[in-house]
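Dear colleague,

I am passing on the structure we spoke about, and I would be glad if you could look it over with the notes below it.

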Amino acid sequence: MKQYNSWDEIDKDTGGLVTSLTYIVLFVNDQVYNSAYELRDKIKNTPYYKHAVKKNVNAIYKCMSSYNTRIQSVAKVNVEALAIITASMEDDIKPHIDKYKYAVSQALHDGGIHGDLNNLLALCSTIDMLCQTSKITILDFYDAMRKKAPIAYNPLEWLSLDKALHIARAITDSLTPKEAAVNLNESPAIATAFQAIANKMLNPEVFEKAFNEAEK
């Protein structure tokens, strides 16, 4: 079984073929971190910041802060290049993430959920979506890796945000009124918004632009 110890080894064995998938994971996880920070900041001045919700909001923030600390030492990425690439990708993709959140907010509004609760639940749903996107991309990375290298495990599995996803769903469950009857999976607007995010993430021009900026 081949063991990988650095970003450079992985990139060399794959000829850079799956580098874009790796940066998607790093970018998406960075968006989860930012959203966890935003959630904690926004909920503090609402009546919902108590009991299990308070505990889980702080837990997801700590979870993502721990991830943010580990990423530099474990992944051994070029931090400066990563920052430039992430910022460039954010310019292209973040507007679509915001549109996704808006689509969720509108669906919640139509279902009778308004004000702070609407905003908080839309943010939790966005975190949920981002965590799932990260996980799917990690699996795609593994499938691509196996075609290029004799790999018996997924070197990006440690980047999976399963814990953050679990906590985000616990927060959503605690915040959602028992009488609410909103099925976000049935919203065409949400589905369209998610597809727009996926299309942007897989657009070669987005990565070419980001990598070119990092090489300047």
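Predicted model: local features only at pLDDT ≥ 70, side-chain atom pairs only at ≥ 80, totals over all residues.

Residues are numbered from 1 along each chain as its sequence is written, and side-chain values use heavy atoms, with hydrogens and water left out.

The protein chain has eight helices and zero strands, where helices (H or I, at least four residues) and strands (E, at least two) are DSSP runs, numbered from the N terminus. Of its 216 residues, 45% count as buried, that is, under 20% relative accessible area, with exposed meaning over 50% and partly exposed lying in between (1.4 Å probe, protein chains only). Among contacts (heavy atoms within 4.5 Å) between residues at least 6 apart in sequence, 80% join residues at least 24 apart.

The helix pair is α2 (residues 19-43) and α4 (residues 79-110), whose axes come within 10 Å and cross at roughly 60°; the axes are lines fitted to C-alpha atoms, for helices over the stretch in contact, and the angles run from 0 to 180 degrees between N-to-C directions. That angle makes α2 oblique to α4, given that under 35 degrees counts as roughly parallel, over 145 as roughly antiparallel, 65 to 115 as roughly perpendicular and the rest as oblique. On the α2 side the contact includes Y23, F27, D30 and K42, and these and other α2 residues meet a set in α4 that includes L82, M89, E90 and K101. The residues of this contact divide into nine nonpolar, three polar and six charged, with Ala, Val, Leu, Ile, Met, Phe, Trp, Tyr, Cys and Pro counted as nonpolar, Asp, Glu, Lys and Arg as charged, and the others, Gly among them, as polar.

Also in helix α4 is A83, which is partly exposed, with a relative accessible area of 49%. The C-alpha atoms of A83 and F27 are separated by 9.4 Å, although the two residues are 56 apart along the chain.

As for the cysteines, the structure holds zero disulfides, a disulfide being a pair of cysteine sulfur atoms within 2.5 Å. The cysteine sulfur closest to that of C63 belongs to C131, and at 8.1 Å it is too far for a bond. C63 counts as buried at 16% relative accessibility, and C124 counts as buried at 1%.
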